[in-house]
Amino acid sequence: AYDGAFGLKDVFAAQARVIQGKPYAEAFEDFPAHEATADDLYFYENSVFPGLIQTERYMRAVFEAVLNVTADEVDRLVAGRVARQEAVYRDDPKPPRLWALVDEAALRRPVAAPDVMYEQCMHAFEVSRLPHVSLAVVPYAARWHVGLLGSCHIVERDGIPRIVNVEDITDGRVSEDPVTVRRVALCLSLIHISEPTRQAEI
């Protein structure tokens with residue numbers, strides 16, 4: 001309410017999350033619950049590995065790069081992301097199918113120390129071998145594509161995309177608007193089919 005009254009974006013709300021110990025931005029709070037009940041999850045990341053397949057050391061390096069984030073906040077953010085990963089690695093109930101596309105930049109960008117990057121790449125390889133996970137790389141050879149404008153996540157149930165998370169420099173937004181969901185799904189499909197012969201399955 002204070003943010004709205006003073007025309008601010010996520011200033012008072014951010015401090016409220018710190019006080020309350022919440023691991024997610026307000027707009028993202030309900031998204032993990034949707035992930036956990038999905039039939040299929042579609043992810044595209046243009047600069048980092050998807051959060052659901054990140055190692056703890058890698059995600060810590062990602063969060064520590066955010067300005068004005070305290071050590072306690074990093075711990076909460078890491079704990080929240082680790083909790084989200086349970087949906088992928090559980091046995092019962094059956095985990096959702098995970099379809100992930102990452103730009104080649106995610107593999108090459110030195111987000112963390114070399115040993116952390118090596119650990120992350122090997123972890124991604126191991127996760128990609130799970131029967132319900134498909135992980136592919138969009139190579140630099142694909143040149144420019146719409147995914148370079150921003151990352152996106154799609155939750156699908158009963159064969160229909162239901163909700164999306166679109167990330168940008170302002171921390172992104174979650175939408176259940178059917179038009180927005182269809183548009184994001186279309187963009188993701190365009191990334192996937194733009195250079196089909198040049199995508200490299202991990």
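What follows is a short tour of a predicted model, going from a surface patch to aromatic pairs, strands and a helix.

Tyr 2, Phe 6 and Leu 8 together make a nonpolar surface patch of about 360 Å². Leu 8 sits in the loop that runs between helix H1 (2-5) and helix H2 (12-20). Its relative accessibility is 38%, so Leu 8 counts as partly exposed.

## Two aromatic pairs

How many aromatic pairs turn up in a search of the whole structure? The count is 2. In one of them, the ring centres of Tyr 42 and Trp 99 are 6.2 Å apart and the planes meet at 10 degrees, so this pair is stacked. It ties together distant parts of the chain: Tyr 42 belongs to strand S1 (residues 40-45) and Trp 99 to strand S2 (residues 97-103), 57 residues apart. Tyr 42 is partly exposed, with a relative accessible area of 24%, and Trp 99 also counts as partly exposed, at 37%.

Then there's the pair of Phe 49 and Tyr 58, which is edge-to-face, with 5.7 Å from centre to centre and 80 degrees between the planes. Are these two buried or exposed? Phe 49 has a relative accessible area of 1%, so it is buried. Tyr 58 comes in at 0%, so it is buried as well.

## Strand S4 and its partners

Now have a look at strand S4 (residues 152-157). This strand is mostly covered, with 5 of its 6 residues buried. S4 runs antiparallel to S1, and 5 bridges join the two. Here Tyr 42 comes back into the story: its bridge partner in S4 is Ile 154.

S4 also pairs with strand S5 (residues 160-166), again in the antiparallel sense, over 6 bridges. Across that pairing, Glu 156 stands opposite Pro 161 in S5. The hairpin of S4 and S5 has 2 residues between the strands, and in it Asp 158 takes a positive phi near 55 degrees.

## A buried glutamate

One last stop: Glu 104, which is part of helix H6 (residues 104-108). Is Glu 104 buried or exposed? Its relative accessible area is 14%, and the cut-off for buried is under 20%, so Glu 104 is buried.

Which residues does Glu 104 touch, leaving aside those up to four places away in sequence? Glu 104 is in contact with Val 137, Val 138, Pro 139 and Tyr 140.

How values were computed:
Residues are numbered from 1 along each chain as its sequence is written. This is a predicted model: local features need pLDDT of at least 70, side-chain atom pairs count only at pLDDT 80 or more; totals for chains, interfaces and linings use all residues. Side-chain values use heavy atoms; hydrogens and water are left out. Patches are made of residues with over 30% relative accessible area and no salt bridge: like charges are joined within 9 Å, nonpolar side chains (Val, Leu, Ile, Met, Phe, Trp, Tyr) within 5 Å. Accessible areas come from the Shrake-Rupley method with a 1.4 Å probe; for residues, only the protein chains shown count as cover. A salt bridge is a side-chain nitrogen of Lys or Arg within 4 Å of a carboxyl oxygen of Asp or Glu. Helices (H or I, at least four residues) and strands (E, at least two) are DSSP runs, numbered from the N terminus. Buried means under 20% relative accessible area, exposed over 50%, partly exposed in between (1.4 Å probe, protein chains only). Contact means heavy atoms within 4.5 Å. Rings of Phe, Tyr and Trp (its six-membered ring) pair if their centres lie within 6.5 Å; planes under 30 degrees apart count as stacked, over 60 as edge-to-face and the rest as tilted. Two strands pair if DSSP finds at least two bridges between them.
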